[in-house]
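Work through the exercises below with the sequence and model open. Try each task before reading its solution.

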Amino acid sequence: MTREATIPAAPTVRGEVALRGLSKSFPLQGRLRPVLRDIDLEIRAGEALAIVGPSGCGKTTLLRLLAGLDTPDRGEVLIDARPISGVGTERAVIYQEPRLLPWLTVLDNVAFGLELRGVSHAEARARARRQIELVGLGAFEAAYPRQLSGGMAQRVGIARALAVQPEILLLDEPLGALDAMTKLTMQEELARIWREQKVTMILVTHDLEEAIFLADRVLVLSTDGSAPTTIPVDLPRPRDRNAPEFVAMRRTLMGKFGLH
Amino acid sequence: MTLEILDSPRRRPASRRVLPPAPPLRAFLSRYGLVIGFLLLWEAASRLGWVSAAVLPPLEQVAAALWDGLASGALVDDIAASLQRAGIAFAAAVGLGIPLGLLMGQLGPVERALDPLLQLFRQTSALALYPVFILLLGLGETSKVFVIFWATLFPILLATIGGVKEVDRKLIEMAQSYGAGQLQVFRRVVLPASVPSIFVGLRLSATTALLLLIAAEMIGANKGIGFQVMNAQYNFQIPLMFAAIFLLAGLGLAANGLLVWLQRRLCRWSLDQA
Ligand SMILES: Nc1ncnc2c1ncn2[C@@H]1O[C@H](COP(=O)(O)OP(=O)(O)OP(=O)(O)O)[C@@H](O)[C@H]1O
Ligand SMILES: [Mg+2]
């Protein structure tokens with residue numbers, strides 16, 4: 001991996017996230033409707049956290065606050081003990097849609113984030129090329145987004161995020177639009193990426209199995225105003241979806257949602 | 001991972017893999033058959049006396065008039081005069097319309113302030129304003145160029161504004177999340193995303209430019225293709241009149257062809273490879 005080059009000699013772990021009294025409301029029919037209320041949470045550097053909850057409970061809102069794309073009404077987000085303001089180079093976001101620029105080739109799309117961060121065109125392309133190899137799209141460097149399938153396009157989006165070597169990867173239902181088969185492969189791929197890159201991963205998902213498969217902890221948000229809860233996932237990795245503990249875990253989590 | 005379609009991209013060129021290439025002759029006929037039919041009908045109508053040959057001369061007379069005009073240089077002067085008028089006006093409209101459109105599309109308040117005025121101007125036919133321009137600028141070149149400029153400005157301007165405003169917010173947000181500033185968002189996302197709709201405006205404007213060119217040249221001109229159409233008709237040089245009309249059509253096709261070619265080069269990504 002290319003990470004060694006950028007990690008400073010001092011062995012400080014980075015990518016630690018803390019939420020302090022984070023609150024956000026949105027106006028709805030003339031009234032302010034609270035979406036997130038006083039959320040406090042510590043996320044360890046290198047941890048994988050899954051955020052689940054019913055539709056409209058504020059998962060995307062929370063992720064946007066973490067990304068710095070939106071500002072909280074109250075409270076703050078600390079990264080490595082420093083409050084964030086706006087977007088930062090230590091974070092990268094992966095969305096449900098790949099959000100590729102249709103006029104750029106796969107290679108240039110992956111190089112895009114690097115170029116925005118001031119890396120020269122040639123260097124950005126060289127690094128992008130390595131990243132594309134890693135997501136298995138080496139043969140498609142010169143393809144345009146419209147020539148890709150959904151799963152391939154999403155992998156290009158992931159490669160673009162990884163190319164900037166973030167400490168924290170923020171994912172908003174990244175596999176939500178994929179078919180079941182592709183989704184399984186991509187979950188394996190995310191697990192591998194997380195393991196190899198040692199990033200902090202914060203993943204919004206509506207798929208409980210996906211949450212258990214990938215996460216160290218699951219944060220459950222609710223719509224009824226009750227406080228969010230976190231559930232640790234103490235299962236050995238790599239995880240086996242058919243192991244009795246895994247199945248039991250899934251049952252527990254489904255119980256949380258009133259699904260039995 | 002498979003290459004099969006896992007989702008359905010918005011536009012997938014269906015024709016690309018299904019249709020075998022048509023044999024050249026058939027392809028040619030299916031594309032130009034009606035044009036050929038029209039010319040044959042013309043020739044027949046003229047020769048068989050369905051329409052007086054004085055009004056609708058046989059095509060070879062039109063071709064001869066065209067050839068004479070070009071060889072003697074008379075029509076060449078007209079073409080040059082027309083191209084100059086339309087060219088200056090079109091260039092000015094592009095030079096003002098695209099930057100202004102990009103600015104207006106980006107800056108909401110500017111757009112909201114200028115929009116009512118723009119709608120008013122746009123809804124007022126440039127031809128109706130031509131007399132006003134003549135009063136203000138005289139009957140010379142300036143008023144001619146200006147009326148063409150006026151009419152061509154709005155399609156470009158409105159298409160550019162529309163293009164900028166329709167840029168996918170999600171792409172802008174993606175760029176911002178990688179730390180893009182306003183200028184970078186503009187240069188790397190907004191501008192390239194607007195190119196296809198700017199081209200729609202350019203093609204519309206090119207058509208409008210030729211339309212207004214002819215109208216302007218029919219009033220108080222002594223050179224130009226539009227003048228030649230009128231003049232030939234006054235002098236009852238009907239083949240010459242048709243020659244000038246064909247020239248006009250050729251000019252329009254050439255302008256459009258040029259823009260299509262440019263569009264293919266600049267935004268291949270947005271076109272279905274039909
Ligand atoms: N920009 C906005 N303006 C007004 N209301 C908003 C805005 N963004 C989100 N909301 C509201 O906040 C609530 C939470 O939205 P959010 O997108 O975070 O939900 P979610 O948990 O991501 O849901 P889903 O699972 O459907 O993606 C919703 O009720 C939504 O209507
Ligand atoms: Mg959401």
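**Exercise 1. The interface**

Task: find how many salt bridges there are between chain B and chain A, and describe the side of chain B that touches chain A.

Solution. Start with the count: 4 salt bridges link chain B and chain A. Here a salt bridge is a side-chain nitrogen of Lys or Arg within 4 Å of a carboxyl oxygen of Asp or Glu. The model is predicted: local features need pLDDT of at least 70, side-chain atom pairs count only at pLDDT 80 or more, and totals for chains, interfaces and linings use all residues. Residues are numbered from 1 along each chain as its sequence is written, chains are lettered from A and ligands numbered from 1 in the order in which they are written, and side-chain values use heavy atoms, with hydrogens and water left out.

Next, take one pair. B:Glu173 and A:Arg99 form a salt bridge, with 2.8 Å between the closest N and O atoms.

Now place the chain B side. Two elements give two or more residues to it: α8 (169-177) and α9 (182-217) of chain B. Helices (H or I, at least four residues) and strands (E, at least two) are DSSP runs, numbered from the N terminus. The largest share, 7 residues, comes from α8(B). By class, this side has 14 nonpolar, 6 polar and 8 charged residues. Ala, Val, Leu, Ile, Met, Phe, Trp, Tyr, Cys and Pro count as nonpolar, Asp, Glu, Lys and Arg as charged, and the others, Gly among them, as polar.

Finish with size. The contact (heavy atoms within 4.5 Å) takes 33 residues from chain A and 28 residues from chain B.

**Exercise 2. Ligand 1**

Task: which elements supply at least two residues each to the shell around ligand 1?

Solution. The residues around ligand 1 (a heavy atom within 4 Å) include A:Phe26, A:Arg33, A:Lys59 and A:Glu173. β2 (31-43) and α1 (59-67) of chain A each supply at least two. α1(A) gives the most, 3 residues. By class, the shell has 3 nonpolar, 5 polar and 3 charged residues.

Now check the oxygen atoms of the ligand. One is 2.6 Å from a side-chain N or O atom of A:Thr60. Backbone atoms also take part: a polar one of A:Gly56 is 2.9 Å from a ligand oxygen, and an N or O of A:Gly58 is 3.0 Å from one.

**Exercise 3. Inside chain A**

Task: where are A:Arg250 and A:Glu209, the two ends of a pair that links distant parts of the chain?

Solution. The two side chains meet in a salt bridge (2.6 Å, N to O) between A:Arg250 and A:Glu209. A:Arg250 is in helix α7 (residues 244-256) and A:Glu209 in helix α6 (residues 208-214), 41 residues apart.

Now inspect the backbone. A:Arg237 and A:Pro238 are joined by a cis peptide bond, omega about -5°. A:Pro238 sits in the loop between β10 (229-232) and α7 of chain A. A:Asp38 is not a glycine, yet has a positive phi of about 40°. A:Asp38 belongs to strand β2 of chain A.

Technical notes. Polar contact = N/O pair within 3.5 Å; in protein donor to acceptor, adjacent residues only side chain to side chain.
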